[in-house]
Amino acid sequence: MDYDYCVIGGGIVGVATAHALADRFPDAGVVLVEKEAELGRHQTGHNSGVIHSGIYYAPGSLKARLCAEGERRTKAFCREHGIAFEERGKLIVATTSLEEQRLDALWHRAKLNGIVTESLSAGDIAEREPHIAGTKALFVPAAAIVDYLEVVKKLADAFVKMGGSLLLNNSVMAISEDDDAVRVELNDRTIRSNKLVACAGLQSDRLARMAGLNPTHQIVPFRGEYYKVRQERSDLCHAMIYPVPDPDLPFLGIHLTPMINGRLTVGPNAVLGFAREGYPKFSVSIRDIASYASFPGFWRSIRANLKSGVAEMMDSVFKARYLRACQKYCPSLDLDDLQPMSAGIRAQAVATDGTLIHDFLFLDSPRQLHVCNAPSPAATSALPIADMIVDRLQADRPTATSRR
């Protein structure tokens with residue numbers, strides 16, 4: 001079975017890429033390969049469902065541009081396909097004078113990025129969100145909530161309607177490239193493709209090595225542990241409530257997020273995971289642990305982030321400590337309000353020097369392009385990220401092949 005393009009990975013970036021290829025090249029044969037029985041089973045299906053505005057990113061940066069475009073296009077796609085979303089807005093809350101200074105810097109950054117914001121006083125916060133405490137806040141009205149699994153489903157449906165092929169329950173066993181094609185051995189068949197695009201998320205470094213490339217980074221899993229607020233208190237806030245980001249910490253911090261299904265979640269923290277795809281709390285994969293434990297960059301990263309890492313681990317072990325992080329801006333929350341919820345796992349690319357990679361990372365060969373890191377907010381930015389990937393391929397578009 002021959003194709004022009006083979007996309008591996010059924011998360012939102014992979015599905016959006018397959019969709020973009022089928023749309024850009026209507027005469028080409030495009031196949032999307034996913035090892036699971038359903039699409040979006042990993043990072044896409046375990047995120048907080050936020051359509052971000054791009055307020056945090058350096059003005060003019062690729063991440064800022066892709067997020068801003070992604071926010072607009074995701075909403076447009078939802079409107080076109082009847083997917084529910086709500087523009088609840090994001091409230092970034094300061095609780096100390098230092099955080100107020102950081103909030104002011106964030107306001108300037110938002111202005112440079114062309115993002116509409118509203119500055120709120122302590123009184124404004126209390127009037128708008130009675131259960132939220134803060135000395136100052138920044139409101140971003142464009143931020144919204146959605147179910148990204150619904151977005152993935154509609155993208156996949158449109159991809160198939162355009163003539164694309166979808167292969168579920170197909171694990172990649174081997175990849176080999178020669179002058180004529182890329183050969184992909186799956187668990188129940190072998191396919192040949194002129195070009196291969198890998199959007200493998202948590203397995204991206206392994207797939208690149210399998211394909212004969214030489215990644216110098218390592219994927220290290222970080223668990224994002226959430227709680228859901230008990231149903232009776234799901235109206236604690238209308239907007240998404242975020243702390244002011246600390247520039248010394250690698251992640252955004254614990255926030256309150258209303259979900260499109262009516263629930264309210266708290267989280268995530270970010271703790272080292274012991275399995276790339278093990279979502280229950282005590283999941284362990286010896287292979288995954290050995291993979292990062294044998295990587296020198298992992299230990300350099302641990303040393304560089306030891307203080308914050310210990311704090312995150314303590315929040316994971318002690319629920320009361322986790323609660324205190326939430327009570328900083330939502331003092332009425334108590335332990336009984338926090339109910340168990342499935343964790344997410346972030347595919348964090350780590351460089352050999354221990355740096356946490358927060359930018360895009362690609363590896364390629366004459367016939368392959370591997371997306372080794374698609375940084376947060378990849379779900380929001382998936383549609384323009386897909387176009388960026390297709391742009392990279394378009395300069396060397398193959399002649400259409402037959403599909404048998």
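Me: How much space lies in the second largest pocket?
Reply: In this predicted model, the second largest pocket holds about 370 Å³ of space. A pocket here is an open set of points on a 1 Å grid over the protein atoms alone, with protein on both sides within 12 Å along at least five of seven lines. A volume is the space filled by probe spheres set on the points, which are joined across faces, edges and corners.

Me: Which residues are closest to its centre?
Reply: Gly45, Asn47, Met259, Asn261 and Met341 are the closest, out of 22 residues that line the second largest pocket. Lining residues have an atom within 4 Å of a point. Strand E8 (144–146) and helix H5 (148–161) are the elements that give two or more residues to this lining. Helices (H or I, at least four residues) and strands (E, at least two) are DSSP runs numbered from the N terminus.

Me: And the lining of that pocket by class?
Reply: It has 10 nonpolar, nine polar and three charged residues. Ala, Val, Leu, Ile, Met, Phe, Trp, Tyr, Cys and Pro count as nonpolar, Asp, Glu, Lys and Arg as charged, and the others, Gly among them, as polar.

Me: How many cavities of 30 Å³ or more are there?
Reply: There are two, a cavity being a set of grid points where a 1.4 Å probe fits but cannot get out.

Me: What lines the largest cavity?
Reply: Ile12, Thr74, Phe77, Tyr148, Val151, Leu155, Ala379, Ala382 and Leu383 line the largest cavity. H2, H5 and helix H11 (382–394) each give two or more residues to the lining, and H5 provides the largest share, with three. By class, eight are nonpolar, one is polar and none is charged.

Me: What about the lining of the second largest cavity?
Reply: Its lining consists of Lys63, Leu66, Phe360, Pro375, Ser376, Pro377, Ser381 and Ile385. Five of these residues are nonpolar, two polar and one charged.

Me: Which residue does a cis peptide bond join to Pro377?
Reply: Ser376, with omega of about 10°. Pro377 lies in the loop between strand E22 (368–373) and H11. Another cis peptide bond joins Gly267 and Pro268, with omega of about -5°; Pro268 sits in the loop between strand E17 (264–267) and strand E18 (271–272).

Me: Changing topic, where is Ala58?
Reply: Ala58 is in the loop between strand E3 (50–51) and helix H2 (62–81).

Me: What does Ala58 touch?
Reply: Leaving aside residues up to four places away in sequence, Ala58 touches Ala64, Arg109 and Asn113, where contact means heavy atoms within 4.5 Å.

Definitions and conventions: Residues numbered from 1 in each chain as written. Predicted model: local features only at pLDDT ≥ 70, side-chain atom pairs only at ≥ 80, totals over all residues. Heavy atoms only, no water.
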